Amino acid sequence: MAEISLPSRRWKKPPFIKSARLRWALGIGAAVYLALAFGTMEVNWGRVAEGLPRGINFVAAFFPPDFVTRWDEIADGIYESLWMTVTSTVVGIALSIPIGLGAARNLAPRPVYLFCRGILAVSRSFQEIILAIFFVKLFGFGPFAGFVTLSVATIGFYGKLLAEDIEDMDPGQAEAVRATGASWFQWLNYAVQPQVMPRMIGLGLYRFDINFRESAVVGIVGGGGIGATLNTAFDRYEFESAAAILLIIIAIVMAVEYTSGYVRKWVQ
Amino acid sequence: MPVLQADGRKIWQRRERGKQLAIWGGWLIATAIFVYCWQLISEKTTWFFVLDAHVQAADLAERMVPPKFSYMEQLWQPLWDTINIATLGTLLALVLAVPVAFCAARNTTPSRAFVRPVALFIIVSSRSINSLIWALMLVAIVGPGVFAGVIAIGLRSIGFCAKLLYEAIEEIDETQVEAVTATGASGPQVLSYGIVPQIMPAFAGISVFRWDINIRESTVLGLVGAGGIGLQLNASILSLAWTEVSLILIVIICTVILSEWVSAKVRHAII
């Protein structure tokens, strides 16, 4: 009997990127980029080596967190941050609804769409800190500048997601409501709103959470809130108080996150 | 769907009376909280400064045009640094986030009682501390420059990447894992053949998404000395060179929009 040599075939894991050419191009591109990036990054290893023991001292200075000495200032800062968060989330969402409606392609005429998208792109491009620098210049120091900053940032975030959600909605329901002879506002209220509402409530709570976290940094450039307290604590080398502030921020963010998780489950 | 009987006619209403009242009460409380917070902020505000804001804005706008385009030559290097901070920071974050995510996911964690809470705490603390605060601390430790920025972005992004990744791990199809286990595969083999292929698309999506966010974040790290275009922005603001500031803002907008476009394209290709 003649021997039949079977070609030895072994199973191989299919690659994640199917096109071999693209795979190689991406790989080589990434390698070249990394070489260039590391080549131009100046790392002063001497400074790093010198800094590490200092870093340990620095971290050690955070312990134990001191909640007591500066408690009044910390409490003031936290309250201010919370007010800023509440007002800016509410105002930001209220303003982002018309802009979000205008930025939905299936709702708005072309010029309105482009205009609203432009607003969203600009308010999203700038980090909160850059916005805060300008608003502090315009409105003076204090929580009002922080409030405006966070509101504008909320518009960019919420408006974009609202617009995308409206674009993804089921056109069948919208058409059905329109066929009953509903006016534009009725149509919005009964066809569009119920479809986007559950997700939007969840995102609103998420934005609340983000705004609280951001309120901790707008204070660094003069926007009020816990960030101002934190910055002062750093400037005065009161690292124990700074550690206490950071822990309080983490605790509040955790609390908000858990609550919003429950509320979201309950809504959806 | 409640139907009321009034004058012998049926009237349709969206909600029952109790529910309607509850909703109304909820709105009342929410409005009261908002008004209260607003009042407290308003007490702390010097309204005189707020009211002349439009004058200030007009003044600033006048000083900012036209942007000084010749300044662009000095911006290429910081721009390149900014992109590097974002990219290398994201890579660092991904390397660190993968083990944290596997420890935090309910179905892959080595110990639910001890390891998982630690992993969750890492995730929350990295997410709640802004990259600017990380940078503030790191500049003190490793000195000013791009390196501090990379580490700050990396530490800040761990939480985001790990959170999304562990949610993806928890949502995998267990039957595939079971099938691979049934062939007698070892633990690492189950991981690489049963779990990793399932989370790979999510992983790629998360990394591009975070990269896009990091581009935006790395534009401000320079304000505290951590390199990138923020350094230039800060210098121009401090020297009141408003025409340079407006050019930098234009450059930032273009970069961010470009990175957003790239990230949307890549995510579209993956999903």
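Two residues are in contact here if their C-beta atoms, placed from the backbone, lie within 7 Å. By this criterion A:Met200 touches A:Leu162 and A:Asp165, not counting residues up to four places away in sequence. The structure is a predicted model, in which local features need pLDDT of at least 70, side-chain atom pairs count only at pLDDT 80 or more, and totals for chains, interfaces and linings use all residues. Residues are numbered from 1 along each chain as its sequence is written, while chains are lettered from A and ligands numbered from 1 in the order in which they are written.

A:Met200 has its place in helix α8 of chain A. Helices (H or I, at least four residues) and strands (E, at least two) are DSSP runs, numbered from the N terminus. A residue is buried if 20 or more other C-beta atoms lie within 10 Å of its own, exposed if 12 or fewer, and partly exposed in between, with C-beta atoms placed from the backbone. A:Met200 is buried, because 21 other C-beta atoms lie within 10 Å.

A:Arg23 belongs to helix α1 of chain A. With 13 other C-beta atoms within 10 Å, A:Arg23 is partly exposed. Its contacts are A:Pro15 and A:Ile17, leaving aside neighbours within four places in sequence. A:Arg23 and A:Val218 are 195 residues apart in sequence, and 42 Å separates their C-alpha atoms.

The contact between the chains takes 45 residues from chain A and 45 residues from chain B. On the side of chain A that touches chain B, the elements giving two or more residues are α1 (20-40), α2 (45-60), α3 (71-102), α4 (110-125), α5 (128-139), α6 (143-167), α8 (184-218) and α10 (239-267) of chain A. Sorted by class, this side of chain A has 30 nonpolar, nine polar and six charged residues. Ala, Val, Leu, Ile, Met, Phe, Trp, Tyr, Cys and Pro count as nonpolar, Asp, Glu, Lys and Arg as charged, and the others, Gly among them, as polar.

One helix pair was examined across the two chains. The axes of α2(A) and helix α6 (residues 131-142) of chain B come within 6 Å and cross at roughly 120 degrees. Axes are lines fitted to C-alpha atoms, for helices over the stretch in contact, and angles run from 0 to 180 degrees between N-to-C directions. Therefore α2(A) and α6(B) are oblique to each other. Angles under 35 degrees count as roughly parallel, over 145 as roughly antiparallel, 65 to 115 as roughly perpendicular and the rest as oblique. From α2(A), the contact is made by A:Arg47, A:Val48, A:Gly51, A:Arg54, A:Gly55 and A:Phe58, and from α6(B) by B:Ala140, B:Ile141 and B:Val142. Five nonpolar, two polar and two charged residues make up this contact.

Chain B is divided into domain 1 (3-62) and domain 2 (73-270), with bounds that come from an automatic or database domain assignment. The C-alpha centres of these two domains of chain B lie 37 Å apart.

The largest nonpolar core has 124 residues, of which B:Ala135 and B:Leu165 touch the most other members. A nonpolar core is a set of buried Ala, Val, Leu, Ile, Met, Phe, Trp, Tyr and Cys residues joined through C-beta atoms within 7 Å. Helix α7 (residues 146-170) of chain B gives the most to this core, with 15 residues. B:Ala135 lies in helix α6 of chain B and is buried, with 31 C-beta neighbours inside 10 Å. Leaving aside neighbours within four places in sequence, B:Ala135 is in contact with B:Ala148, B:Gly149, B:Ala152, B:Leu221, B:Val224 and B:Ala226.

B:Gly194 is found in helix α9 (residues 187-218) of chain B. B:Gly194 counts as buried, with 21 C-beta neighbours inside 10 Å. Beyond four places in sequence, B:Gly194 is in contact with B:Gln176, B:Val177 and B:Val180.

Two loops of chain B carry backbone features. A cis peptide bond joins B:Val65 and B:Pro66, with omega about -10 degrees. B:Pro66 lies in the loop between α3 (53-64) and α4 (76-104) of chain B. B:Leu240 lies in the loop between α10 (229-238) and α11 (242-270) of chain B. Phi of B:Leu240 is near 55 degrees, a positive value in a residue other than glycine. B:Leu240 counts as exposed, with 9 C-beta neighbours inside 10 Å.
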